[in-house]
Amino acid sequence: MNYLWIDTETTGLSEHRHDIVQLACIPIINGLRQKSFNEFCQPTNWNSIEDAAIAIHGINRDMMRTFQTQEVMLAKFIEYINSFGVKFTIAGFNVSFDKKFISATFSKNKKSSEFFKMFTLTIHDTYTRAKSVKSQIPLTSLKLEVLAPHYGITIQAHDALSDISATIEVDKIISGLIGEDNTVYAPSIDIKDIQIVSKMP
């Protein structure tokens with residue numbers, strides 16, 4: 001299966017009222033990890049930005065004003081995904097949240113048909129998988145920023161690219177706890193080998 005491991009940072013919790021401001025992903029195609037995508041964009045609805053969201057990811061309004069438009073970012077994302085020539089299953093940590101925001105972004109830009117061409121209907125959610133083996137995890141919290149350090153995985157919490165890279169490594173461990181065959185994962189890659197398409201201005 002071809003997985004698009006994905007994470008977003010947003011201006012709030014509602015995919016209808018709020019927007020993506022950072023979108024990062026790492027594709028794994030036939031077990032091989034591909035070059036990453038990491039882009040920032042302006043929100044379309046400036047009036048609905050939640051201060052609580054900014055407090056979590058640290059991307060403030062002044063920073064957002066320096067970013068590319070959502071339309072430009074989305075065009076880059078579509079070109080990037082299409083370059084692989086495969087259909088992806090979206091994967092991540094509590095990834096239904098991210099999938100809803102990505103789908104809404106496509107819809108707001110009248111590109112819903114392209115979304116369904118690029119992605120399957122199913123998801124691969126590391127958080128759900130962790131909950132299924134909670135008895136084997138000696139932690140009171142299953143948050144990514146708790147799980148990753150517990151397993152010795154480096155993470156810069158609430159940076160989308162760091163979060164998704166850590167999620168892939170956590171999912172490998174969860175896969176072992178479940179008793180799955182780990183051959184769907186590529187060998188670990190040092191973070192310096194991951195291409196950063198666009199750094200935060």
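In which strand does valine 21 lie? Valine 21 belongs to strand S2, which spans residues 20-29. The model discussed here is predicted.

## Surroundings of valine 21

Valine 21 has a relative accessibility of 0% and therefore counts as buried, the limit for that class being under 20%. When neighbours within four places in sequence are left aside, the residues in contact with valine 21 are Glu9, Thr10, Thr11, Glu39, Phe40, Cys41, Pro43, His57, Ile59, Met64 and Phe67.

Asparagine 38 is 17 residues from valine 21 in sequence. The C-alpha atoms of valine 21 and asparagine 38 are 11 Å apart in space.

## Salt bridges

Nine salt bridges are present in the structure. In one of them, the side chains of arginine 33 and glutamate 169 meet at an N to O distance of 3.6 Å. This pair links distant parts of the chain, for arginine 33 is in strand S3 (residues 32-33) and glutamate 169 is in helix H8 (residues 160-178), 136 residues apart. Arginine 33 and glutamate 169 are both buried.

Glutamate 169 also forms a salt bridge with lysine 172, with 3.4 Å between the closest N and O atoms. Glutamate 169 and lysine 172 are three residues apart in helix H8, so about one helical turn separates them. Both of these residues are buried.

Aspartate 62 counts as exposed because its relative accessibility is 57%, where the class requires over 50%.

## Packing of helices H3 and H4

Helix H3 (residues 70-82) packs with helix H4 (residues 95-108) at an angle of about 110 degrees, and their axes are 11 Å apart. H3 is therefore roughly perpendicular to H4, a class that covers angles of 65 to 115 degrees. The crossing of the two helices is left-handed.

From H3, the contact is made by Gln70, Leu74, Phe77 and Ile78, and from H4 by Ile102, Thr105 and Phe106. Five residues of this contact are nonpolar and two are polar, while no charged residue takes part.

Serine 107 also has its place in helix H4. With a relative accessible area of 41%, serine 107 is partly exposed. Serine 107 and isoleucine 6 are 101 residues apart in sequence, and the distance between their C-alpha atoms is 18 Å.

## Positive phi angles in loops

Most residues other than glycine have a negative phi. Asparagine 30 has a positive phi, near 50 degrees, in a residue other than glycine. Asparagine 30 is located in the loop between S2 and S3. Its relative accessibility is 66%, so asparagine 30 counts as exposed.

Histidine 158, although not a glycine, has a positive phi of about 70 degrees. Histidine 158 is placed in the loop between helix H7 (144-150) and H8. Because its relative accessible area is 27%, histidine 158 is classed as partly exposed.

Note on methods
Residues are numbered from 1 along each chain as its sequence is written. This is a predicted model: local features need pLDDT of at least 70, side-chain atom pairs count only at pLDDT 80 or more; totals for chains, interfaces and linings use all residues. Side-chain values use heavy atoms; hydrogens and water are left out. A salt bridge is a side-chain nitrogen of Lys or Arg within 4 Å of a carboxyl oxygen of Asp or Glu. Helices (H or I, at least four residues) and strands (E, at least two) are DSSP runs, numbered from the N terminus. Buried means under 20% relative accessible area, exposed over 50%, partly exposed in between (1.4 Å probe, protein chains only). Axes are lines fitted to C-alpha atoms, for helices over the stretch in contact, and angles run from 0 to 180 degrees between N-to-C directions. Angles under 35 degrees count as roughly parallel, over 145 as roughly antiparallel, 65 to 115 as roughly perpendicular and the rest as oblique. A crossing is left-handed if the near helix is turned anticlockwise from the far one by less than a right angle, and right-handed if clockwise. Contact means heavy atoms within 4.5 Å. Ala, Val, Leu, Ile, Met, Phe, Trp, Tyr, Cys and Pro count as nonpolar, Asp, Glu, Lys and Arg as charged, and the others, Gly among them, as polar.
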